[in-house]
Amino acid sequence: MSAILSRSIKTKPSAARTTATEARLGAMTAGATAGWSVTAREAALARVQSMGLPQPRDEYWRFTRPQSLVQAEAPAAALFDAGEAPVFDEIDRVKIVFIDGVFSAADSDPLELAGVTIERLAEATSDIHWAKDLYGVLEERGQDPVERPLAALNTWAATDGVLIRVSAKAEKPVNLIYRHESETSDAMLHHVIKLEEGAELTLLENGPAAARFNKVLEVDVADEARFHHVRTQGRDHERRAATHIFARLGRESLFKSFTLTANGVMTRNEAVIELLGDDAMAHVAGACMGDGREFHHDDTVFVTHDALNCESRQVFKKVLRNGATGVFQGKILVKEGAQKTDGYQISQSLLLDGDSTFLAKPELEIYADDVACSHGSTSGAIDEEAIFYLRSRGVDASTAQDLMTIAFLAEALDEIEDEALREALLERLTGWLERRRG
Amino acid sequence: MRKGKNMLEIKNLHVKLEEEDKQILKGVDLTVEAGKVHAIMGPNGSGKSTLSYVLSGREGYEVTEGSATLLGEDLLEMDPEERAALGIFLAFQYPVEIPGVGNMTFLRTAVNAQRKARGEEEISSTDFLKLVREKAKSLKIDAEMLKRPVNVGFSGGEKKRNEILQMAMLEPKLCILDETDSGLDVDAMKLVSDGVNALRDEGRGFLVITHYQRLLDHIKPDVVHIMADGRIIKTGGPELALEVEQNGYADLLAEAQ
């Protein structure tokens, strides 16, 4: 077993990689120099130095150019106002607002919720803290077998974030809102969420965050705990983002994550999920709409089954037009002994013209003999037959195309359990399509 | 109100496939008056379905000669949705499955799109629901079928009933039924025919395309046309359909040579 999971043969970083890595590290400082997180941060810095930051020819970055995410200076991003209410405004929730990565007390609700403790990373400066067992720990676990240097960079340098410990069923969601008000901001946030046995939390995230955004979310889901995650990102901003989710699941626990992306120049969303307790369930899904040659969206998912009778689903749908590019790299790894695994993975793109590109790399790696795993990846144009059917009933061509687009994304959206949240996202999607018409 | 007036007028219509040099319709002349049911019968490959597609605006066909008007307006220059708003409705021979789009959403989008195109107010949710339930009931379409994605997992009969439900909701001026009887058992045929007959009125014309006479036992036509090789070769009353039923098309075709 260990042979399979051992890290790919390690060579010394190339000169170009070392130069790029040093340039970036030289432009930054550690996110904290005192307190409980220092050990984890120093170890993370050592990991970055040893791995080096991603370079164009790296296997794991074959479909996505890492340059803009790696370079020392964040590329500028013009501000954008879609002129619409924030996506989760109708939902009763605890708002926590970061503007260009800086916490805004004035815009946030009090960090209070029954059965939940919420603290800011920047303010948790004591020497002893529960988050010490998770901060950078899940990230480090996720570096094997595939390196994720941008996440280690984040562990070292993150300036703020939230530390959430959930001991009961939270009565309302926590909403992290990322506002973007500076054209040159370069934000790095790191969140840690610990769900104790039987606890439940819904985490909402929305907003473009910054000109460049690097975010890590570490989630520890204990036995019988339930975690729901719904986020929207992009929304026509020129911003660039690299995000990582590292999750660890206990027995009979549930993890569900859904992301809606509407434009944004460059997005790389990585999710690394380990099912460690029997009968656990992990669903990761995403719907993305990209318009224009600049648009590049990458979902990179790694699900590891290391327990009995677990279920995992990866459902990713992308609608691409006017030269947009979509990427999906998804893996299901079933370790020896993880019998009765039920793994499902689907990645599909709807290409609205001949200029757009979808690159997919679905992978299964299975070392147990009693499992059911399926994966599929398709890329196709819109069904003209259906369009004519709709038009013959009086629906105009653009509305027909929008209806078909929403229909295409439905399987991914259906992964959102909460109806009000699903409706909020659907409205978002419809609004985006309407604005992009013609 | 338009009783006796010409609803649909087709003159010397020539149509070829856009992609290949194949002439399908070779000079069709046909007039359907308001309040009348016209049936078109003919062997396979005679151009019946092509005529229905050309009238409803499907891509892939090129009109090389002739004209087609509805209520005096030139159909051939219009987009499919404009034709629908003007009053054309095609009940498809093979209704299209649209996964992900709920039947109710589909119906409501269509009804409101047509209202909007005609400068009318959108229908309220309550009125819409009431109307759908009422029309669905007479076609034995249950609530579950209305909730499912359009035509997905529907049986052949359910798909055809769903077509008639759309027709009933959209209240078109000219209803074209393309082989609506295909794939229907006796009971389904009766349901569908009853649905169509309920829509017969003085302001509405029907063009019923069928291969067999049996549908015409239920939907009684005023005029029957026989189509072959891209032309209408014979026109007569309901008795013409019975003649076809008894003798097949061979005699008529020979006669037309």
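Q: Is Thr50(B) buried or exposed, and why?

A: Thr50(B) counts as buried because its relative accessible area is 10%, where buried means under 20%, exposed over 50% and partly exposed in between (1.4 Å probe, protein chains only).

Q: What does Thr50(B) touch?

A: Leaving out residues up to four places away in sequence, Thr50(B) touches Val15(B), Ile24(B), Leu25(B) and Tyr61(B); contact means heavy atoms within 4.5 Å. Thr50(B) lies in helix H1 of chain B. Helices (H or I, at least four residues) and strands (E, at least two) are DSSP runs, numbered from the N terminus.

Q: Before we go on, what should I know about the model and the numbering?

A: This is a predicted model: local features need pLDDT of at least 70, side-chain atom pairs count only at pLDDT 80 or more, and totals for chains, interfaces and linings use all residues, while side-chain values use heavy atoms, without hydrogens and water. Residues are numbered from 1 along each chain as its sequence is written, and chains are lettered from A and ligands numbered from 1 in the order in which they are written.

Q: What are the scores?

A: The model has ipTM 0.95 and pTM 0.88. Chain B has a mean pLDDT of 92, with 98% of its residues at 70 or more; pLDDT is the predictor's confidence in each residue, from 0 to 100.

Q: OK, interface. How many residues does the contact take from each chain?

A: Chain B gives 31 residues and chain A gives 17 residues. About 1,900 Å² is buried between chain B and chain A, and carbon and sulfur atoms give 66% of that. Buried area here is the accessible area (1.4 Å probe) that two parts lose on being put together, summed over both.

Q: How many salt bridges between chain B and chain A?

A: Four, counting a side-chain nitrogen of Lys or Arg within 4 Å of a carboxyl oxygen of Asp or Glu. One salt bridge pairs Glu81(B) with Arg391(A), with the closest N and O atoms 2.7 Å apart.

Q: And which parts of chain B supply at least two residues of the side that touches chain A?

A: Helices H1 (48-56), H2 (80-86), H3 (103-117) and H6 (156-170), plus strands S6 (88-91) and S7 (98-102). H3(B) gives the most, with six residues.
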